[in-house]
Amino acid sequence: VSAQKPLGCWSVKHGQIITCPVVCNFETQEYIAVHDDKVLRIWKNKDINLDKVFKATLSADVYRIHSLPNGGPVVLFKGGGVRTLDVLLEAPQQEIENVISDEVIKWSEAFMEGQQPVLIFATEKDGDFFVYIQKLKMNSLHKYKLEQQELSKPLSFTAYIKNKIITLLCLYSNDSVYKVLIPLQQNTEEEEQILSKSLLLNLSVSGSVLKGTSFVVLDKDHIAVLGRLAASGEESKECLTIWNTKFQTLQTSKELPLGTSGQLWCYEEKFFFTHGKVLTVIMYKCETSSLAAAVGKLKDSQTPDVSSFVNWNTLGDKELVVSFESQQSVALKPESKMTLRSKRTIVAKVQPDTLSVGQLLLSLKDASTTVLEDELRQLMSKAQMPDLQATIGCVVTALINRCKQNPKYYPRNFLQQIVQTRDLSYSLCPDLMAVALEKKDMYLLQICLQQFPDIPEEITYTCLKVFLSISEAYLQRIDVNLESVICYIDIECNDKEVKTEILENGFNAELEQDVWDTKIPKKTHLMADGEFCPVGPQKAALLNAVLHSAYSETFLLPHLKNLPAQQAVLFLRYLYYLYVKCSEKINTTLPGIRAPTINQIMDWMCLLLDAHFTVMVMLPEAKELLSSLHKFVRAQVRFYSELNKIEGSLRELQRLHQQKDFQTYSIEVLELI
């Protein structure tokens, strides 16, 4: 999934239909599939044609195969019969008992309780729902009937097992989640017991209701629900939501504008679901549930401005993989709004030491700028792990909210200090870079690009476009960190001239006006072969930050195609300049802190050419650049080709040199043939 490439693909014949999900046998590393309800297929990675792999025709229709890491595959038949795969393969045509008569299986799951495989499945008949618990080794089957819910029925199930108790969660059509506890130890011989349920969560907040279609359990305090958000008077929208069942709050949400299949899977701390025509993978990590996680999400009739759901704005039309981290209890994008509801008088009446993070932030809504920043600084200094990151995320969110409410307010130095000194990520404060772009805070954007590991490609592209379009004259008036360029571009503070250092191979610095920026004249350095650095040091440092940011080519390429042609040529000129500078060094490494690597430069050059090759071929001003780039690359290919020819001789010389014991002085003549 991370590399976004297929590792294997197998097909059944035309007319055959795969009738249950394929699973992997963890013990044998084999795949198991069922087509046309009864035909079992087993194969390995090296197998190509399914027609030539193991085949067994069974005597009954299969509903689902469950693969347990230490218990082997378990086969559940549509009639309720259960067999382990090993037992089934001993006699594929063995008779399978029908234990559920006219009932229809709606859902099933398998667990390991110690060394004991346990299977649970739910069935439906005439509006009544039943639950079966099958212990395979003990060959015991218990049947239960779910307590009926007036005017609603279960739509989806999920379950987990802990301390010999199965916790069954049911998503009902009345937009609620109910919990049912089923002990594994049963002393009664009753044929059918009634299972009572308790309300776990109402899927509604601030007048909006989530019509869930599927859900999964994340931990004891959190569940993820996929469904449609229905608000009064508005069109419903599909969303992935995370709920805190302990505090009865919506933790975070993501709108899915391209639609889903209604199915949600969870495996090894990753969500899997379809978004449009592609697979989306979302990584998450649960932390200890705390009240701070619920700040801004508690139901309050006096706060109609509470945001029900927040649009993360990260899923694109062709996005395949999305990974983002947690602000609070669940490692998903945090809310971009936090409702601060308390009165200013609370600040004076209640001491900060007695307040939780959420309460303190609520109390600072109307505080003055000085009081707000002082309190937030104290809050960060007192925060302890593991809540430190969550606290800092809340602090940044509070500052950003103040910026949105008061356009004249922008704590530039405070925000820069937080980002520089704290271990943050984009997902902890998703609105930070958007506000920085609005305020043209180039220094903060530079720091974010260098330090945030999870910046969406759309934001990276926006930063690149802004950096390329902004004038050199403006950049010379602002602070930018020049550590990444100062070692290969010298700066004279008196007149802001840009020069290149004297190099071993005779390159020297000369100044020439940049032909690409006719509005803002700027001085650039001319290299011996005629190629000049097309940008000043400030812009170069900002572009280097973009080169350092992590990205996925699949997601960045569509945005990069929208880059104006003149800016694309300018960026390619700068990349070519860096490429030449790297090649001047024996180790192809630019000096300086956070200077771009040769791999980063090459990857961005290839990406830019992929996005704009046709345009560049048509542009007269790009013709000479492409020609020079082609000649330079060709010369390097020839050079390394010649080096490859003598690689064997050089290694032999090295071996001979290591074998001989040279005295203080010696002259040795070696002939290369």
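How many salt bridges does the count come to? The count comes to 13 salt bridges in this predicted model.

**View A. Lys-78 and Asp-37 form a salt bridge between two loops.** The nitrogen-to-oxygen distance between the two side chains is 3.3 Å. Lys-78 sits in the loop between strand 6 (72–77) and strand 7 (82–84), and Asp-37 in the loop between strand 2 (30–35) and strand 3 (39–43), so the contact ties together parts that are 41 residues apart in sequence. Lys-78 is partly exposed, with a relative accessibility of 39%. Asp-37 is also partly exposed, at 22%.

**View B. Glu-97 and Arg-83 form a salt bridge.** Their closest N and O atoms are 2.8 Å apart. Glu-97 belongs to the loop between helix 1 (85–90) and strand 8 (104–113), while Arg-83 belongs to strand 7; the two are 14 residues apart. Arg-83 has a relative accessible area of 15% and, because buried means under 20%, Arg-83 counts as buried. Glu-97, at 35%, is partly exposed.

**View C. Asp-431 and Lys-404 form a salt bridge.** The closest N and O atoms of this pair are 2.6 Å apart. Asp-431 lies in the loop between helix 6 (412–421) and helix 7 (432–439), and Lys-404 lies in helix 5 (residues 388–405), 27 residues away. Asp-431 is buried, with a relative accessible area of 18%. Lys-404 is partly exposed, with 45%.

**View D. Helix 13 (residues 565–584) is largely enclosed by the rest of the structure.** Of its 20 residues, 17 are buried. At 1.5 Å a residue, helix 13 should span 28 Å; the C-alpha atoms at its ends are 29 Å apart, which agrees.

**View E. The largest nonpolar core has 86 residues.** The members that touch the most other members are Leu-432, Met-433, Phe-452 and Tyr-574. Helix 13 supplies the largest share of this core, 13 residues. At least three residues come from each of domain 2 (357–448) and domain 3 (456–490 + 531–618). In soluble globular proteins, nonpolar side chains tend to be buried together.

View F. Tyr-640 is in helix 15 and is partly exposed, with a relative accessible area of 41%.

Key: Residues numbered from 1 in each chain as written. Predicted model: local features only at pLDDT ≥ 70, side-chain atom pairs only at ≥ 80, totals over all residues. Heavy atoms only, no water. Helix = DSSP H or I, 4+ residues; strand = E, 2+ residues; numbered from the N terminus. Buried < 20%, exposed > 50% of the residue type's maximum accessible area, 1.4 Å probe, protein only. Expected span 1.5 Å × (residues − 1). Core = buried A, V, L, I, M, F, W, Y, C linked by side-chain atoms within 4.5 Å. Domains from an automatic or database assignment. Salt bridge = Lys/Arg side-chain N within 4 Å of Asp/Glu carboxyl O.
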